[in-house]
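Thanks for asking me to look this one over.

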Amino acid sequence: MDVPDGSDGPDTGPLPFMVAIPQHELETILRDRAAELGVPVRRGVAVTGVDADDEGVTVHDDAGGTVRARWLVGADGGRSVVRRAAGIGFPGTDPEITGRQALVDLAEADDLEPGWHHGPEGVWCVGPAPGRILTVEFDGPPPDRDVPVTAEELEKSLRRVTGTRVRVTAVHSATRWTDNARQASAYRAGRVLLAGDAAHVHPPFGGQGLGLGLSDAMNLGWKLAAVVHEWSGDALLDTYDPERRPAGAEVLELTLAQVALMRPDPKTIALRRFAGQLLDTRAGVNAAAALLAGPDVHAPLPGWEDDPLVGRLAPEVRLDDGRRLAEVARDGRFTLVTDGTVPVPDPESDPDRTTTVPGPRPMLVRPDGVVAWSGRAPQCPRADTA
Ligand SMILES: Cc1cc2nc3c(=O)[nH]c(=O)nc-3n(C[C@H](O)[C@H](O)[C@H](O)COP(=O)(O)OP(=O)(O)OC[C@H]3O[C@@H](n4cnc5c(N)ncnc54)[C@H](O)[C@@H]3O)c2cc1C
């Protein structure tokens with residue numbers, strides 16, 4: 001894990017605020033966009049098997065039907081049927097904890113202080129949402145992860161870690177998880193690709209899983225479109241794994257480090273105090289914030305490893321016509337920002353795929369928002385070779 005020093009990250013421009021979007025709202029936005037584009041979504045049907053050959057993929061479902069496609073993306077979660085059917089391994093570390101998170105009604109909870117707490121039996125958190133509780137116990141994974149989480153299970157766990165006689169009187173929603181941390185041995189096997197939890201699972205601390213999966217989809221989406229519409233060969237899809245694997249590996253490592261720091265033994269308590277002191281410094285907290293916010297946006301592009309811009313999400317710059325770059329670079333096309341100082345391809349040579357705009361800093365931005373070229377190299381590539 002490359003730990004940033006908290007001071008000299010990439011210049012991403014002025015971003016003085018954070019936008020938090022609840023998951024259900026994000027899902028609504030994505031569902032509406034899919035509907036707008038006429039993408040059919042079949043609900044209530046389970047994939048049971050996949051046969052891939054040189055020309056395409058046949059997907060079998062539990063209703064006895066089949067779907068034939070040229071490419072298949074398995075975005076079917078940590079227990080991905082597609083990943084297994086494609087014979088892709090899922091190596092990693094076995095779980096040692098059981099975590100539980102729920103929205104509940106509590107009684108006899110006067111002794112429960114809001115916030116995160118550590119005790120000899122594990123970790124618990126109360127709030128910040130009313131009724132939200134979380135427990136982590138280091139007693140191995142649950143015997144059966146498929147049985148529903150009950151009020152009795154939550155109450156027992158909460159009593160064990162807090163040492164109180166709290167009661168759980170109602171459960172509104174509840175999940176149970178482990179620190180199972182695994183990454184697919186390949187993100188592509190022929191005509192099958194993996195994205196999201198199908199490609200990587202890790203403990204939920206730090207709240208990074210969804211963003212990681214969406215960044216996979218951004219990286220893969222335009223490449224798949226390029227191959228399907230035949231303006232790029234399928235070798236472009238081979239760049240997906242090396243560009244996204246480091247981000248997944250970094251999140252796995254970071255979340256495992258967080259679990260390790262939660263252990264209740266005396267040596268870990270000492271280590272946690274030491275880490276806490278580092279986090280109390282400006283550089284320490286900036287470094288931790290950068291790790292939590294940023295690891296999924298760096299795609300190591302060959303030849304550009306030392307460039308502060310290339311391979312990262314485009315910075316927020318104001319273009320010469322007054323618009324923000326983000327307003328222009330959101331339609332699935334490449335965006336070429338020119339400042340007149342370096343040679344760029346003739347905009348007329350690639351009008352379908354590239355929007356050319358004058359701005360303060362030369363760069364070519366891919367459809368996924370990642371910078372593919374900066375003025376530091378003498379010649380900007382055309383979009384289909386970026
Ligand atoms: C307690 C907890 C808290 C979390 N908090 C956060 C957080 O704050 N922020 C964050 O970014 N992430 C968080 N995560 C992680 C996040 O929820 C996951 O990383 C994310 O949901 C993964 O999305 P996905 O689409 O890849 O997989 P999933 O969400 O698992 O979706 C897979 C989909 O595929 C479907 N499917 C599965 N098998 C089949 C099949 N055979 N046929 C057809 N369909 C199938 C499923 O029904 C499901 O709809 C949290 C996770 C947990 C457990």
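Here are my notes as numbered points, going from the whole chain to single residues.

1. **Ground rules.** This is a predicted model, in which local features need pLDDT of at least 70 and side-chain atom pairs count only at pLDDT 80 or more, while totals for chains, interfaces and linings use all residues. Residue numbers start from 1 along each chain as its sequence is written.

2. **Overall build.** The chain holds eight helices and 18 strands; helices (H or I, at least four residues) and strands (E, at least two) are DSSP runs numbered from the N terminus. Its radius of gyration is 24 Å, close to the 21 Å that the globule rule gives for 386 residues, so the chain is as compact as a globular protein of that length. That radius is taken over C-alpha atoms, and the rule is 2.2 Å times the number of residues to the power 0.38. Along the principal axes, the C-alpha trace spans about 75 × 60 × 35 Å.

3. **Burial and contacts.** Buried residues make up 29% of the 386 residues. A residue is buried if 20 or more other C-beta atoms lie within 10 Å of its own, exposed if 12 or fewer, and partly exposed in between, with C-beta atoms placed from the backbone. Among contacts between residues at least 6 apart in sequence, 65% join residues at least 24 apart; a contact means that the two C-beta atoms, placed from the backbone, lie within 7 Å.

4. **Domains.** The assignment gives domain 1 (23-91 + 182-259), domain 2 (98-178) and domain 3 (325-385). Such bounds come from an automatic or database domain assignment. The C-alpha centres of domain 1 and domain 2 lie 32 Å apart.

5. **The largest nonpolar core.** Which residues touch the most other members of this core? They are Val50, Leu72, Val82, Val192, Leu193, Leu194 and Ala195, out of 21 residues. At least two core residues each come from strand E2 (57-61), strand E4 (72-74), helix H2 (81-85), strand E13 (192-194) and helix H4 (209-228). E13 gives the largest share, three residues. A nonpolar core here is a set of buried Ala, Val, Leu, Ile, Met, Phe, Trp, Tyr and Cys residues joined through C-beta atoms within 7 Å.

6. **Around the ligand.** The shell has 18 residues, of which Gly77, Gly196, Gly207, Gly209 and Leu210 come nearest; to count as near, a residue needs its C-beta atom, placed from the backbone, within 6 Å. Strand E10 (167-178) and H4 each supply at least two shell residues, and H4 gives the largest share, four. At least three residues come from each of domain 1 and domain 2. By type, the shell divides into seven nonpolar, nine polar and two charged residues, where Ala, Val, Leu, Ile, Met, Phe, Trp, Tyr, Cys and Pro count as nonpolar, Asp, Glu, Lys and Arg as charged, and the others, Gly among them, as polar.

7. **Thr48.** Is this residue, with its 13 C-beta neighbours inside 10 Å, exposed or partly exposed? Thr48 counts as partly exposed, and it sits in strand E1 (residues 47-52). Leaving aside neighbours within four places in sequence, Thr48 is in contact with His60, Asp61, Asp62 and Val81. Asp62 is 14 residues away in sequence, with the two C-alpha atoms 5.9 Å apart.

8. **Backbone details to check.** Gly127 and Pro128 are joined by a cis peptide bond, with omega about 5°; Pro128 lies in the loop between strand E8 (122-126) and strand E9 (132-137). Glu108 is in the loop between strand E6 (98-107) and strand E7 (115-119), and Glu230 is in the loop between H4 and helix H5 (240-262). Glu108 counts as exposed, with 11 C-beta neighbours inside 10 Å, and Glu230 is exposed with 8.
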